[in-house]
Amino acid sequence: MAAIAVRKKEVSRDLDHCDIPYYVSEFVEREVGNDYDSLRKLDNLIDKLSANKKQLEEQVLTVSSEVPKRIQNALKNAEDSKKSLSRLLEEETLLSDSISSHLMKAQPWMEDLDVLISQVEEIERHLAYLKWISRIEELSDSIQQYLMTNNVPEAASTLAFMAELDIKLQESSCSHLLAFVRSTVKFWHKILKDKLSSDFEEVLTQLRWPFVGPPQSQAFGLAAPASAPDVYNNLEMLFCQLLKLQTSDELLTKPKQLPEKYSLPPSPPIILPIQIMLNPLQKRFKYHFTGNKQTNVLNKPEWYLTQVLMWIGNHAKFLDDKIQPILDKAGSSVNAGLEFSRALVMLILEKLAADIPCLLYDDTLFCHLVDEVLLFERELYSVHGYLSTFPSCMHILSEESCFQRWLTVEKKFALQKMDSMLSSEAAWISQYKDITDVDEMKVPDCAETFMTLLLVITDRYKNLPTASRKLQFLGLQKELVDDFRIRLTQVMKEETRASLGFRYCAILNAVNYIATVLADWADNVFFLQLQQAELEVHAESNAVSKLQLGQLASMESSVFDEMINLLERLKHDMLTRQVDHVFREVKDAAKLYKKERWLSLPSQAEQAVMSLSSTACPMLLTLRDRLLQLEQQLCHSLFKIFWQMLAEKVDIYIYQEIIMANHFNEGGAAQLQFDMSRNLFPLFSHYCKRPENYFKHIKEACIILNLNIGSALLLKDVLQSASENETLKPSQPSATAALNELGIYKLAQKDVEILLNLRASWPNTGK
């Protein structure tokens with residue numbers, strides 16, 4: 001066993017090969033080990049291993065006998081597949097040869113068959129062509145029969161069907177067929193239109209159409225009421241029949257089109273019965289407002305504009321009561337009143353397009369024309385409900401040469417108006433100066449007139465059809481605001497020496513009013529839409545920075561921001577100049593007060609009643625007079641800014657030049673507090689509830705100077721210990737807390753220490 005053990009130690013495993021000695025050694029070690037008694041198990045172990053060996057041999061024999069059979073079967077299957085594939089290839093070759101042979105034999109037949117098919121297709125096309133001709137002739141014969149039997153409604157319906165066939169054939173290349181259909185439609189359309197138009201005009205004559213008088217004086221409805229129903233029945237019947245000719249009329253008649261430079265929106269042709277109803281009015285319009293008639297004068301555009309508005313108004317009731325029900329019954333979506341108005345407006349547009357080039361460079365005539373057109377448009381939209389999607393006079397005024405002239409004239413007259421308003425004697429006087437409730441802004445007449453001018457310009461251009469044209473007018477408004485600001489600045493500079501004078505204050509009120517109104521306008525829907533349009537223009541042209549684009553898009557800025565900023569800067573400069581002027585007066589009046597003997601004034605106990613220092617009276621009187629004066633001359637918002645700025649300056653001046661520059665005994669500190677709390681602060685109590693909050697330096701200095709001795713000593717010790725231990729964080733809050741407890745929030749610790757040292761009377765503490 002010892003030998004086995006030694007040998008086992010010598011056996012090492014070969015990892016690269018099947019190491020049988022190693023596995024035997026491991027097996028013996030596992031089954032026998034160092035236990036000599038286990039040698040008794042060797043017989044059983046040998047038997048077990050023999051059985052395993054026999055089993056493995058049997059498995060090897062079985063596998064050795066099965067593998068050749070499987071290989072043999074696989075080879076056999078491969079041979080069978082090869083034979084099958086060879087057979088299929090032979091069949092494919094035979095079939096391919098057969099097909100090729102068949103195709104060669106069938107080739108002549110195919111060529112003959114192609115010829116026959118082409119002939120059949122051609123015959124079918126001829127047949128279809130003949131069928132179309134036959135169909136059109138049948139329809140034509142039907143129309144003829146209907147007309148011979150006086151069945152006009154059916155004839156009109158048949159013509160409408162023929163017109164629809166014409167539309168369907170538009171994509172065909174059969175030009176002769178198209179010409180035949182079109183000529184047939186044209187032939188019957190003319191006959192039916194002439195007949196129906198004649199009958200329709202006769203009915204309209206019986207109704208006394210057109211109505212040239214006002215609605216209340218109209219007698220439409222026939223002179224003999226008994227025959228009225230028959231006439232209205234005929235009106236409805238003929239109107240419906242004419243409606244059926246609409247399709248063919250649109251095919252054959254090209255409506256008048258104004259040049260493309262006017263950029264008119266697309267609109268459908270006027271329906272045929274309305275066209276016929278408009279004929280007498282169109283004749284009247286052309287008779288009076290074209291040629292050499294006395295009514296056709298360039299300086300009287302209001303004549304033809306007013307005439308058209310009268311015609312629209314005179315016929316509105318009849319169209320709504322009699323014609324609209326017919327259209328509704330026929331299933332048409334047309335509005336009779338709007339259709340009538342649209343046709344008459346087209347007459348106006350043609351007239352304007354002809355007249356404008358003749359008066360383009362006559363400022364007076366051109367301006368008068370624009371004014372009258374704008375009045376016409378306003379009434380057309382507000383009274384007669386004309387739609388903004390229809391062609392309008394604004395499209396004519398938006399044509400490039402006309403529009404540029406309009407801008408030039410608008411600017412010229414606006415500048416003239418600005419000259420006259422600023423040179424007026426009442427330019428700087430408020431119209432509402434005697435009405436307190438209305439005159440809150442104290443707006444001078446020139447500023448109010450100017451903003452009214454801008455508002456009128458907005459009303460004039462807000463109905464322009466395109467955003468680009470509106471933006472050009474917005475640019476004009478900005479130019480005018482800037483020009484007016486410059487003029488105000490020039491007048492202000494002339495008044496600089498009298499910065500508290502009436503005119504200077506009026507200019508300041510004007511600047512504030514214009515900035516306020518522009519800020520209000522910036523939130524108006526119309527200007528917000530222009531802001532969006534301006535954003536799109538800038539985004540396309542990359543004319544502004546991404547930051548500015550972002551501000552425009554987020555509505556943080558407005559279209560008037562640049563103007564408002566300039567006006568706000570001017571307002572601030574003017575207010576600062578006024579504050580400085582008053583402050584200089586206050587300083588001059590305070591010279592004696594600065595020299596007051598604060599160190600030797602009697603204490604409060606030594607005086608029966610505290611009274612205002614006589615040296616403070618000039619300063620306080622100056623403050624009072626200027627505050628009252630400017631309260632009357634400035635609007636509330638400006639005056640609020642003024643007195644707050646002035647209070648801040650006075651607070652710092654008294655604190656630095658009077659308090660910090662003197663020493664105070666108990667009486668001097670009490671007198672200072674009395675002068676400030678009972679006299680200075682109340683001057684501002686009319687403008688706020690707690691005026692002392694605007695004089696924090698003075699208020700807190702008075703608190704320090706008037707502390708009783710014990711509190712002052714304690715505070716001094718706290719501040720001294722805090723300053724000695726600046727590096728220790730826990731000590732600092734105690735000093736701040738002590739100051740806050742006394743009501744000291746504004747003054748710094750060092751300032752409080754200086755103020756404590758300004759107290760003249762300190763007890764002898766033995767230190």
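Biologist: Is Asn150 buried, partly exposed or exposed, and what is its relative accessibility?

Modeller: Buried means under 20% relative accessible area, exposed means over 50%, and partly exposed is in between (1.4 Å probe, protein chains only). Asn150 has 54% relative accessibility, so it counts as exposed. Before we go on, a word on the source: this is a predicted model, where local features need pLDDT of at least 70, side-chain atom pairs count only at pLDDT 80 or more, and totals for chains, interfaces and linings use all residues. Residues are numbered from 1 along each chain as its sequence is written, and side-chain values use heavy atoms, with hydrogens and water left out.

Biologist: Where does Asn150 lie, and what is its phi?

Modeller: Helices (H or I, at least four residues) and strands (E, at least two) are DSSP runs, numbered from the N terminus. Asn150 lies in the loop between α3 and α4 (152–168). Its phi is positive, about 60°, although Asn150 is not a glycine. Ser263 also has a positive phi, of about 50°, without being a glycine, and Ser263 sits in the loop between α7 (246–252) and α8 (272–289).

Biologist: How many helices and strands does the protein chain have?

Modeller: The protein chain has 27 helices and zero strands.

Biologist: Where is confidence lowest, and where is it highest?

Modeller: The score to look at is pLDDT, the predictor's confidence in each residue, from 0 to 100. Where pLDDT is low, the predicted coordinates should not be read in detail. Here the chain averages 87, and 90% of the residues score at least 70. Confidence is lowest in helix α1 (residues 2–10), with a mean of 46, and highest in helix α19 (residues 561–589), at 96. Over residues 220–224, pLDDT stays under 50.

Biologist: How many disulfides does the structure hold?

Modeller: A disulfide is a covalent bond between the sulfur atoms of two cysteines. The test used is a pair of cysteine sulfur atoms within 2.5 Å, and this structure holds zero disulfides. As for individual cysteines, Cys505 is buried, because its relative accessible area is 1%, whereas Cys358 counts as exposed at 56%.

Biologist: Which residues join two neighbours through a cis peptide bond?

Modeller: Trp209 and Pro210 are joined by a cis peptide bond, with omega about 0°. Pro210 lies in the loop between α5 (175–206) and α6 (228–244).

Key. Contact = heavy atoms within 4.5 Å.
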